[in-house]
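Please open the model in the viewer and keep the selection tool at hand.

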Amino acid sequence: EAGVAQSPRYKIIEKRQSVAFWCNPISGHATLYWYQQILGQGPKLLIQFQNNGVVDDSQLPKDRFSAERLKGVDSTLKIQPAKLEDSAVYLCASSLVYPRSSYNEQFFGPGTRLTVL
Amino acid sequence: DAKTTQPPSMDCAEGRAANLPCNHSTISGNEYVYWYRQIHSQGPQYIIHGLKNNETNEMASLIITEDRKSSTLILPHATLRDTAVYYCIVFSGGSNYKLTFGKGTLLTVNP
């Protein structure tokens with residue numbers, strides 16, 4: 001089966017510019033996640049969708065970051081305006097939902113490497 | 001979710017078993033131990049998870065101590081392709097399926 005697709009793979013912008021990332025999850029996966037991974041650290045969850053509703057966006061810097069998943073399939077993450085500290089890899093992941101189950105296998109895309117100059 | 005502690009790095013010879021430890025002394029009764037790994041320039045990949053019994057799949061084995069305060073991920077015959085950062089995560093499930101990644105252990109498999 002096709003994996004999680006992300007684009008672009010690399011992006012270089014100057015601070016105060018805006019940028020958008022796109023993610024297409026695995027077909028049929030109701031849950032979609034956006035993570036930020038700063039060099040040398042583990043991924044940090046920014047936002048989680050179930051279908052087109054937000055489940056958790058507690059760590060999303062809402063003054064500059066926004067995300068949407070309008071039709072419950074693909075998703076975009078936007079940063080406006082970007083800061084130097086936003087330089088990171090942005091990972092998208094998706095999973096099925098297993099109610100009342102411990103199983104949580106998230107499938108990750110290759111990520112978008114953002115450099116803010 | 002409970003916090004985990006892992007060594008920052010480990011080495012292993014190719015063909016030998018790699019044993020990656022994880023401490024999770026504050027784990028509660030309903031929390032599972034999950035392992036993911038991240039090969040350079042790729043997204044993380046699920047490996048295995050368990051509650052209290054030892055688990056084995058085609059990738060690895062997971063040994064959880066009887067008091068559940070620590071666990072070991074075992075790669076029985078490490079290859080160069082197993083060089084990656086390995087993350088031990090304690091996860092309670094629930095409605096949001098949120099995983100919290102730490103810094104993990106960088107396993108380097110040497111020829």
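Two residues are said to be in contact when heavy atoms lie within 4.5 Å. The model on display is a predicted one.

**Stop 1: where the chains meet**

Colour chain A and chain B separately and turn to the boundary. How many residues does the contact take from each chain? Chain A contributes 29 residues and chain B contributes 19 residues. Between chain A and chain B, about 1,800 Å² of area is buried, and carbon and sulfur atoms give 50% of that area.

Next, select strand 4 (31–37), strand 5 (44–50) and strand 6 (53–56) of chain A; these are the elements that give two or more residues to the side of chain A that touches chain B. Sorted by class, this side of chain A holds twelve nonpolar, 13 polar and four charged residues.

Now consider the interactions across the boundary. There are four residue pairs in polar contact between chain A and chain B, counting pairs with both residues at pLDDT 80 or more. Zero salt bridges are found across this interface by the rule applied.

**Stop 2**

A disulfide is a covalent bond that joins the sulfur atoms of two cysteines. The structure holds two disulfides over all chains.

Select Cys23(A) and Cys92(A), which form a disulfide with their sulfur atoms 1.9 Å apart. The pair links distant parts of the chain: Cys23(A) belongs to strand 3 (residues 19–24) of chain A and Cys92(A) to strand 9 (residues 88–95) of chain A, 69 residues apart. The torsion about their S-S bond is about -70°, so this disulfide is left-handed.

Are these cysteines buried or exposed? Cys23(A) counts as buried because its relative accessibility is 0%, and Cys92(A) counts as buried because its relative accessibility is 0%.

**Stop 3: the disulfide of chain B**

Move to chain B and select Cys22(B) and Cys88(B), whose sulfur atoms are 2.1 Å apart in a disulfide. This pair also links distant parts of its chain, with Cys22(B) in strand 2 (residues 18–23) of chain B and Cys88(B) in strand 8 (residues 84–91) of chain B, 66 residues apart. With a torsion of about -80° about the S-S bond, the disulfide of Cys22(B) and Cys88(B) is left-handed. Both Cys22(B) and Cys88(B) are buried.

**Stop 4**

Finally, select Cys12(B), which is in no disulfide. The nearest cysteine sulfur is that of Cys22(B), 18 Å away. Cys12(B) counts as buried because its relative accessibility is 9%, and the cut-off for buried is under 20%.

How values were computed
Residues are numbered from 1 along each chain as its sequence is written. Chains are lettered from A and ligands numbered from 1 in the order in which they are written. This is a predicted model: local features need pLDDT of at least 70, side-chain atom pairs count only at pLDDT 80 or more; totals for chains, interfaces and linings use all residues. Side-chain values use heavy atoms; hydrogens and water are left out. A disulfide is a pair of cysteine sulfur atoms within 2.5 Å. Helices (H or I, at least four residues) and strands (E, at least two) are DSSP runs, numbered from the N terminus. Buried means under 20% relative accessible area, exposed over 50%, partly exposed in between (1.4 Å probe, protein chains only). Buried area is the accessible area (1.4 Å probe) that two parts lose on being put together, summed over both. A salt bridge is a side-chain nitrogen of Lys or Arg within 4 Å of a carboxyl oxygen of Asp or Glu. A polar contact is a pair of N or O atoms within 3.5 Å; within protein, one must be able to donate a hydrogen and the other to accept it, and residues adjacent in sequence count only if both atoms are side-chain atoms. Ala, Val, Leu, Ile, Met, Phe, Trp, Tyr, Cys and Pro count as nonpolar, Asp, Glu, Lys and Arg as charged, and the others, Gly among them, as polar.
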